[in-house]
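Here's a quick tour of a ligand site and the domains around it. Have a look at the model first, then read on.

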Amino acid sequence: MCGIVGYIGEKQAYPILIKGLKRLEYRGYDSAGIAILNGELNTFKKIGKVSELEEYVKDKNINGNIGIAHTRWATHGEPNDINAHPHNSQSKNIAIIHNGIIENYSIIKDELIKRGYKFSSETDSEVLAYLIEDILKNVKNDLAEAVRIALNQVIGAYAIAVISKNEPDKLIVAKKGSPLVIGIGKGEFFIASDATPIVEYTKDVVYLNDFEFAVIKKNEELDIRTISNKRQTPYIQRLELELSQLEKGGYEHFMLKEIYEQPRSIRDCMRGRINAEEDFVILGGISDYEQKLINAKRIIIIACGTSWHAGLVGEYMLEDIARIPVEVEYASEFRYKNPIIYEDDIVIAISQSGETADTLEAIEIAKTRGATILGICNVVGSSIARATHAGSYTHAGPEIGVASTKAFTAQITILALLSLSLAQKKGTIKKSRFHQLLNELTNIPKLVEETLKTDDVILKIAKIFSNARNFLYLGRGYNFPVALEGALKLKEISYIHAEGYPAAEMKHGPIALIDQEMPTVVIATNRGTYEKVISNIQEIKARKGIIIAIVTKGDKAVKELADYVIEIPETEEMFVPLLATIPLQLLSYHIAVIRNCNVDQPRNLAKSVTVE
Ligand code: F6R
């Protein structure tokens, strides 16, 4: 879970690398480093953010036209200067950056120690640098070949970039499990973990596949091979990403920008997929699998974190209107539990980044057992998007804030479209009802705009509760996953302990926590189990608890009981999560800002979790 970036060409590498690291900082931010070739191989690394590295290298020799850089999220060895990347080989002639985990590193390390090598870091990545050097010395004196041989010995996941003082005309990259994209400029090349550091220089990119490596030289064609040495033809794709999407656009934080982007991102997600006049939904990416979906006896949704919450909303939708049984599994549990999977099961993997290691592995397991795998991803060309049989992109645009916001509502939008489409085709919904729901879904972006106007009220509530030590979030039915998501948002960016619960479950335990100190956020909108939720609120009030309620505009009954209310527009029960989530995102955001937390880069977290 790190970011890697590299450059080879005529330009000075340093400005490109440092800017690239800043774009990738969402992937990891506990230390950063850079290695540049200019006759010498100069490597500089520093614990802390990229800005600290920038400060550190101010008086150093950072000239050179070839370089690699890394921003780290520690897995092996604590964050410090030594464990930061790039790692040099023992002779200091080679530098390597690595994203992933070398699982058999300790066996290789022991072997190398026996041969007299002395390691300086605790990382698995340094072992790879030493191994390459050992192969260069003893087996094959050619960097590309040594990298290839080394990769045949390692087990695990990697995206790597390697440079050497002895072969200063090339940059070598390789991938298995972790993402790596190569940008093709005029006689120059850029490499990175995703396209964000590349887009301002070129839109022509090649996504390296697993078990491929590339030898990159300026002014030459890309030389891509498999690690068994089979030459590959590069498949050049055109990026649709725009530079403006990667900037804050006047907002104080990416998270706030992304919360406010939701009317647009939901609209973009639906664009071209709804024909309201002729009453149908078309999810082009999965149309080849439509019949399988219609016949499916079961859908299994696999995901992690916020994407898992979206999966839960999907479960309610698909069961409610398309009448298909759905199981929602944490990918990390699914992969290790010897799951029962039938060939006619449809597995839907949901992932913003498309790189989450547990979700990827769960896909592989389901695949080997013959299931059809569909993906709902945000990042185009990501590993999950490529590992699935088919899928629908959410088109929410780049999500840079580590806490997921607009990707969540876009994932729910896709699941709503899928549920509607299946319900119509299976005949589990009346024509008039389908029409009503489709119309309402088309109207959701406007209702989200209206919901965002609650921001001032939410800020006031945030000021009152920013020092709370615990929060409880309650919801029932469609609003249960919203409660889980609200609690997750608060804890990840404000570090306040929060728990999400189905409201009725409260009396089976959490009710013991209720007192005058602990605010309970209740999503109490006017459909479904409204009356039951009111009873749950009364139970809390009877124990002197504090209620912050998300209610439907015009609500009276909850208002009488609650201490604070946030009104959202009325909508169909099925779409309430698309609105009710917004105030919870804003509440976490404001509380985190008041508490002086780093909203976009919360401690210990990274945007894409490419390790187990
Ligand atoms: C929470 C958050 C995480 C991710 C999770 C899965 O705000 O961002 O819980 O949702 O790590 O990531 P993706 O969706 O990229 O697979």
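Which residue has a backbone N or O atom that lies 2.7 Å from an oxygen atom of the ligand? That's Gln352. Before going further: this is a predicted model, where local features need pLDDT of at least 70, side-chain atom pairs count only at pLDDT 80 or more, and totals for chains, interfaces and linings use all residues. Residues are numbered from 1 along each chain as its sequence is written, and side-chain values use heavy atoms, with hydrogens and water left out.

| Residue | Atom on the protein side | Distance |
|---|---|---|
| Gln352 | backbone N or O | 2.7 Å |
| Lys489 | side-chain N or O | 2.9 Å |
| Thr306 | backbone N or O | 3.0 Å |

On its own, the ligand has 400 Å² of accessible area (Shrake-Rupley, 1.4 Å probe), and the protein covers 90% of that. Two elements each give two or more residues to the shell, α9 (305-322) and α16 (479-494); helices here are DSSP runs of H or I with at least four residues, and strands are E runs of at least two, numbered from the N terminus.

The shell holds 15 residues, the closest being Ser307, Ser351, Ser353, Thr356 and Glu492; to count as near, a residue needs a heavy atom within 4 Å. By type, the shell splits into five nonpolar, eight polar and two charged residues, with Gly counted as polar.

Zooming out, the chain is assigned domain 1 (3-243), domain 2 (247-447) and domain 3 (453-599), with bounds from an automatic or database assignment. The ligand lies between domain 2 and domain 3, because both give residues to its shell.

As for domain 1 and domain 2, their C-alpha centres are 34 Å apart. About 820 Å² is buried between them, 51% of it from carbon and sulfur atoms; that's the accessible area (1.4 Å probe) lost on putting the two parts together, summed over both.

Finally, a backbone detail: His85 and Pro86 are joined by a cis peptide bond, with omega about 0°. Pro86 sits in the loop between β4 (66-72) and β5 (87-88).

Methods
Polar contact = N/O pair within 3.5 Å; in protein donor to acceptor, adjacent residues only side chain to side chain.
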